[in-house]
Amino acid sequence: MTHFAIRTEKLGKRYFLGALSEQTHKGYDILGFPLPMRRLWPVLFNDRLIDEKNDKAFWALRDLDLEVRPGELVGIIGKNGSGKSTLLKILARVTEPTTGIALVTGQVGSLLEVGTGFHPELTGRQNVYLNGSIMGMTSEQIDRRFDEIVAFAEVEQFIDTPVKHYSSGMYMRLAFSVSAHMQCDILIVDEVLAVGDFEFQKKCLSRIESEVKSGKTVLFVSHNTSMVMQVCTRCIRFENGRLVEDGLPQSIVESYVSRSIPLMARREVTMAEPQLVTPSMLDDTLASPGRYFHLRNLMLIDMNGNNKPVFDVKEAIIVEMEWGVLIEKYELDVHINLRHESGVTVFTSMDNLDSPWHDRVVPVGRYRVQWVIPAHFLNDGVFMIDFVISARQNSAEYLVIQNCVTFRVVDDMKQEGVRGDWEAPWPPSILRPRINWMYSEAEGTSTPISSNCHSRIGTI
């Protein structure tokens, strides 16, 4: 009995740019070689020679060694063209590899793009039976699942209509439902949930999770990193056709996203001093957002006053903002959003409880405010701050500046603070609060508890 669902060894896929075809280079093609010879390919030949002799060769996937165990839900992320879809097409037997081998244990059900495997002239009903037959199911087996497939896809009314008349959402729902309900051991899903609405996405994710619990292996490609972190038990990242990271979803997603987010500890806007602007100088009906107020400066500093983009998890982060009012006309609300690199909003805060001008029109001038992200609050990762200021009496007057500053929280692995004597990487999360665990003796306890423990609820 095998202990893997998928295993690849030195797997590669080469294409040729322009008019140059694969057939032109049959001498370098191993598709007709028996399996033992494929295993020897990296030893017998040097792939670099192929690239040197054929400058139009493009490797979409290169030297991939990967093993996926039964029952794993593996998220696959990476930029467009990084090799994700190429791998899935090889595993689904849509295309053949150029080098190496791909071993798959069991039946594969794949949904590589909307409507893959559907015939546009056939009805939804006919396509369900066609796809089921392709996946090796008998008519009796499809009969038993047919009603469930149609109900899940929510296309009962159109099941006998040719699928060429379906919307992209209907097409995708039925295609996903067929793949998810068929008798397969491995389910491959490639960025198709982006087509569905929010409610159907939740239904699909719930179905995927239930399939994994039943022992099915799922490969899940998505640019929605929040979704990958939510449902996957493992994540791999591709870059330029190669597998570059493999591990827990949150750590891989954080690494992936942070590479595309430049750290910036200060945002400063150079503008003239605020001055009184009379109503005759502005046309209210044409006022663009932020014409009555603006952000002058937003910066991150530590307790010593140093402006910097990287903070330890054990230190407080002081956020200092300076904004200006150009005309004394509105009551204003100032907001900030703290967001995690995965796209999750950690919290939103507003000055409506602390502003000295609460329920009053704010005079022309420059204003500075500080607020603090406490120590032992955020986990390590990359975070962003958005600035929002809005007029309470006029919803059309507002100013939103996203990613005003971006900063990284790091963990030096020392025992002070929340970490204590935990030596492994901290479990995946966005927050890492310092919670006081207060112990007291329960009835029947024979071992005495230290006198410094109090009988009360722990607090943050």
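How many bridges join strand S3 to strand S7, and do they run parallel or antiparallel? I looked: four bridges join S3 (residues 73–77) to S7 (residues 217–221), and the two strands run parallel. Ile76 stands opposite Val221 in S7.

Ground rules for my notes. This is a predicted model, where local features need pLDDT of at least 70 and side-chain atom pairs count only at pLDDT 80 or more, while totals for chains, interfaces and linings use all residues. Residues are numbered from 1 along each chain as its sequence is written, and side-chain values use heavy atoms, with hydrogens and water left out. Helices (H or I, at least four residues) and strands (E, at least two) are DSSP runs, numbered from the N terminus. Strands pair if DSSP finds at least two bridges between them.

**The six-stranded sheet**

I wrote down the strand order of this open sheet as S5-S6-S7-S3-S8-S9, with mixed pairing. S5 (108–111) and S9 (242–247) are its edge strands, and each pairs on one side only. On average, neighbouring strands are turned by 15 degrees against each other, direction ignored. Then I checked helix H3 (residues 84–91), which packs on the sheet and touches S3, S5, S6 (186–190), S7 and S8 (234–239). The direction of H3 makes about 145 degrees with that of S6. For angles I keep this in mind: axes are lines fitted to C-alpha atoms, for helices over the stretch in contact, and angles run from 0 to 180 degrees between N-to-C directions.

**The five-stranded sheet**

This one is open too, with the order S12-S18-S17-S14-S15 and mixed pairing. S12 (310–312) and S15 (345–350) stand at the edges with a single partner strand each, so one side of each has no neighbour in the sheet. The twist averages 30 degrees from one strand to the next. I also looked up S14 (residues 332–340) and S17 (residues 381–391): they run antiparallel, joined by nine bridges. Asn337 stands opposite Asp386 in S17.

**Helix against helix**

H4 (residues 124–134) and H5 (residues 139–153) pack at about 130 degrees, with axes 10 Å apart. That makes H4 oblique to H5; angles under 35 degrees count as roughly parallel, over 145 as roughly antiparallel, 65 to 115 as roughly perpendicular, and the rest as oblique. For contact I use heavy atoms within 4.5 Å. On the H4 side I found Arg125, Val128, Tyr129, Gly132 and Ser133, meeting Ser139, Ile142, Asp143, Phe146 and Ile149 in H5. These residues divide into five nonpolar, three polar and two charged.

**Buried spots**

How much of H9 is buried? Nine of the ten residues of H9 (residues 249–258) are, so this helix is largely enclosed by the rest of the structure. Buried means under 20% relative accessible area, exposed over 50%, partly exposed in between (1.4 Å probe, protein chains only). Among the buried ones are Pro249, Gln250 and Tyr256.

My last stop was Val319, in strand S13 (residues 317–325). Val319 counts as buried because its relative accessibility is 0%. Val319 and Gln370 are 51 residues apart in sequence, yet 5.6 Å apart in space, C-alpha to C-alpha. Leaving aside neighbours within four places in sequence, Val319 has contacts that include Leu298, Gln370, Trp371 and Ile385.

Note on methods. Ala, Val, Leu, Ile, Met, Phe, Trp, Tyr, Cys and Pro count as nonpolar, Asp, Glu, Lys and Arg as charged, and the others, Gly among them, as polar.
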